[in-house]
Amino acid sequence: MTSRIPRDSRLRLVRPRPLAAAPRAMNQRPPRRTAPRPPEGTPARSELARMARSVLADAARVARWADTALGPGRSGGTADGKATLSVTSAERAARQLGLTADQVQADWDIARLAGLVEVHGGSARPGWRLRAWDRDDSAVLRGWVALFDAWSLAHPDPAGQQTAAVAEVVSAMPQVLSFLQLSAGPVPVAQLLDLLQQRVTELRTERCEVPYDGPQPEPPGRPESDDTPLPPLLDWALGALASVGALTYGAGQATLTPLGSWAVWVKLEQICVAAQSPAGNIEQAAEDMLRGCAQLRPNAARAEYRAWLAARPVGSAVAQLLKAARGEDALLRGLAFEALRVVGAPAEPDVRAVADEPTLRPYALLWLAEHDGADPEDAHEVLTRQEATWLWVDTAAAVADHGEAPLLVRHLEAAVQPTVPMLLEEVQAVGHPRTVQVLVALAAAHPDPALAKAVRRAAFQVHTGGS
């Protein structure tokens, strides 16, 4: 080190905060939206969670039994490749729990729908909600809402009905549930049947629409579902929703339970949030949505993520975000995992599954550490030195592509290495595909001529494969 190098060239590092950095519109103020209040008379979350635990008590009992009796190293689990409880295991559980084998199978299926049991390939394992069941009301309510969303799978389809007709009724039931929620009391089944008929007719009309100025085809024959009587299907739907604890059904009328009323309100609120997408990216694909959020302040970006997520099934949204994260743009990689933080626990299995992909591993490990309760400021400690260096280069690539020169210079402070020479040595060894571009951009941006020269030399060595 010569005297020409300033005395402060030895990096005095702050605690690393590996993020995908991008310029922020500093004068932008995200619109404030007060937290909505549930309808008057809605029980407290603790009481709603108690109700949900009661509804799912049998499923949780079977899931805990399976965790104990069928854990690693034990036989008789789910041998069909579909994580279906084997007949032998169901009979064994029935004997030990004082149930019938059919009851055990039904409770096992509900446990899977509620996330108490998670399916990975052809095997099953206890879900995070089961681990948090007794201490986390939010986990319990999320589990019950997952079951509520899957009500049509929790109850067998009525025998002898057309598949298309069943699908129409499932699509029409959100409007029926909304009417029940607004009624805030018992509603005659005959009134619900009229509403169901209207909604099904609307769905069939929408399905048969053709462009006004386009070729006019011959009128198609009436689908078989058009002739399907709806009363048996409404009876099935109301019975299925009653079986998951969303409503009570009997004596010719139906009434939402407090849990059901709260869940419908949550769904309606999600629709309202989606309709108020702050920056108008709700209809965009994940990659375009993330690009649209790049210039937003963090709070505004999170509001946009929430709106985008509310308009999509969770599984599909997570898959789209991970696909965007696998692309070449490092900025989108970081933003995709910020959006996955908004998704929260439902994304955990998918994030864990990509932790072995080199490009995504550092991001996934940080996400999982924060999900497991680590302080975001300390989550970087789960990374190895090599992983932290790879992430530093990836973040620098995002800054170089989308940021400003001073931001790239300040990014030096996020490195885990205590000196520039150590940083350059480890950056050269880490093998990131953008290493050369990052070092060239850093050399061009840094005001210290001696340091810039050392960085350019490192870039040349990486480019030529020298040392």
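## A first look

How much accessible surface does the protein chain have, and what percentage of it belongs to carbon and sulfur atoms? The accessible surface comes to about 24,400 Å², and carbon and sulfur atoms account for 53% of it. Please keep in mind as you read that this is a predicted model.

The protein chain has 467 residues, and 42% of them are buried. Its secondary structure consists of 21 helices and five strands. Among the contacts in the chain with a separation of 6 or more, 68% are between residues 24 or more positions apart.

## How confident is the model?

The average pLDDT of the protein chain is 79, and 81% of the residues score at least 70.

## A sheet of three strands

Let us turn to the strands. Three of them form an open sheet in the order β3-β5-β4, with antiparallel pairing. The edge strands are β3 (residues 187-188) and β4, each of which pairs on one side only.

Strand β4 covers residues 247-250 and strand β5 covers residues 253-256. β4 and β5 form a hairpin with two residues between them, and in the turn alanine 251 has a positive phi of about 55 degrees. Proline 188 stands opposite glutamine 253 in β5.

## Helix α9

Helix α9 runs over residues 230-243, a total of 14 residues. From its first C-alpha to its last, the helix reaches 20 Å, close to the 20 Å expected at 1.5 Å a residue. Which residues of α9 are buried? They are Leu230, Leu233, Leu234, Trp236, Ala237, Leu238, Ala240 and Leu241.

Just after α9 comes glycine 245, which takes a positive phi of about 85 degrees.

## Salt bridges

How many salt bridges does a search of the whole structure find? The search finds 17. Arginine 326 and glutamate 357 form a salt bridge through their side chains, at 3.0 Å from N to O. This pair links distant parts of the chain, 31 residues apart: arginine 326 is in the loop between α13 (314-325) and α14 (330-343), while glutamate 357 is in the loop between α15 (348-353) and α16 (361-371). Arginine 326 is partly exposed at 42% relative accessibility, and glutamate 357 is partly exposed too, with a relative accessible area of 27%.

Arginine 341 has two salt bridges to look at. With glutamate 338, the closest N and O atoms are 3.4 Å apart; both residues lie in helix α14, three residues apart, which is about one turn of the helix. With glutamate 370, the closest N and O atoms are 2.9 Å apart. Arginine 341 lies in helix α14 and glutamate 370 in helix α16, so this pair ties together parts that are 29 residues apart in sequence. Glutamate 338 is partly exposed, with a relative accessible area of 28%; arginine 341 is partly exposed at 28%, and glutamate 370 is partly exposed at 25%. Elsewhere, a network of salt bridges links Glu287, Arg291 and Asp329.

## Leucine 365 in helix α16

Helix α16 also holds leucine 365. Is this residue buried or exposed? Leucine 365 counts as buried because its relative accessibility is 16%, and the limit for buried is under 20%.

Leaving aside residues up to four places away in sequence, leucine 365 touches Val382, Leu383 and Glu387. Valine 354 lies eleven residues from leucine 365 along the chain, and the C-alpha atoms of the two are separated by 9.5 Å.

Conventions. Residues numbered from 1 in each chain as written. Predicted model: local features only at pLDDT ≥ 70, side-chain atom pairs only at ≥ 80, totals over all residues. Heavy atoms only, no water. Helix = DSSP H or I, 4+ residues; strand = E, 2+ residues; numbered from the N terminus. Buried < 20%, exposed > 50% of the residue type's maximum accessible area, 1.4 Å probe, protein only. Contact = heavy atoms within 4.5 Å. Areas by Shrake-Rupley, 256 points an atom, 1.4 Å probe, with all protein chains shown as cover. pLDDT = per-residue confidence, 0-100. Pairing = 2+ DSSP bridges. Expected span 1.5 Å × (residues − 1). Salt bridge = Lys/Arg side-chain N within 4 Å of Asp/Glu carboxyl O.
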